[in-house]
Amino acid sequence: MRGPLAMAAGAGAACALLLVVDPNQPGSLLPPCPLYALTGIQCPACGSTRMVHALLHGDLAAAWHFNAVMLVAGLPLLAWLWWRWFRASRAGLPTPPLPRRVGAPVVALAVAWTLARNLVA
């Protein structure tokens, strides 16, 4: 269970950092998205750091603005994936592979979100 617990501790530490560091400020301690910095293309996760910062400060509207799809679909998916990993680890089993009925829609949503946010913006 070390892996899932270490991941949870890392996520907690990252959230603690986001409570005190504002990624919206110029010269922030946190780096920008490398893909966006190099190409100007927003990846499906672009804005997620700012989204989590906004959520931790109780600003749901700003979180929605920074990355609506990650807020609505990404965070629940990450929680579910972590829970599957934790449950399997606790039972001493390997994490089962992601079902195709989950993986394919996630990939399709990521591609659609990337296209929408880069073509509309």
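# Cysteines, helix packing and burial

Colleague: How far is the sulfur of Cys 33 from the closest cysteine sulfur, and which residue holds that one?

Modeller: The closest is the sulfur of Cys 46, at 3.4 Å, which is too far for a bond. A disulfide here is a pair of cysteine sulfur atoms within 2.5 Å. This is a predicted model, so local features need pLDDT of at least 70 and side-chain atom pairs pLDDT 80 or more, while totals for chains, interfaces and linings use all residues. Residues are numbered from 1 along each chain as its sequence is written, and side-chain values use heavy atoms, without hydrogens and water.

Colleague: And Cys 43, what is its closest cysteine sulfur?

Modeller: Cys 46 again, with the two sulfurs 3.6 Å apart, too far for a bond. Searching the whole structure gives 0 disulfides.

Colleague: Is Cys 33 buried, partly exposed or exposed? What about Cys 43?

Modeller: Cys 33 is partly exposed, at 23% relative accessibility. Cys 43 has a relative accessible area of 17% and is buried. Buried is under 20%, exposed over 50%, and partly exposed in between, with a 1.4 Å probe on protein chains only.

Colleague: Change of topic. How many helices and strands in the protein chain?

Modeller: There are 5 helices and 0 strands, in the order α-α-α-α-α along the sequence.

Colleague: At what angle do H4 and H5 pack?

Modeller: About 160°, with the axes 11 Å apart; H4 covers residues 60-90 and H5 residues 100-120. H4 and H5 are therefore roughly antiparallel (over 145 degrees; under 35 is roughly parallel, 65 to 115 roughly perpendicular, the rest oblique). Angles run from 0 to 180 degrees between N-to-C directions of axes fitted to C-alpha atoms over the stretch in contact.

Colleague: Which residues make the contact?

Modeller: From H4, Phe 66, Asn 67, Ala 68, Val 69, Ala 73, Leu 77 and Trp 80; from H5, Val 102, Val 106, Leu 109, Trp 113 and Arg 117. Contact means heavy atoms within 4.5 Å.

Colleague: What is buried in H3?

Modeller: In H3, residues 48-56, the buried ones are Ser 48, Met 51, Val 52, His 53 and Ala 54. These buried residues pack against H1 (2-20) and H4. Just after H3, Gly 58 has a positive phi of about 75°.

Colleague: What share of the protein chain is buried?

Modeller: Of its 121 residues, 25% are buried. The C-alpha trace spans about 45 × 35 × 25 Å along its principal axes.

Terms used. Helices (H or I, at least four residues) and strands (E, at least two) are DSSP runs, numbered from the N terminus.
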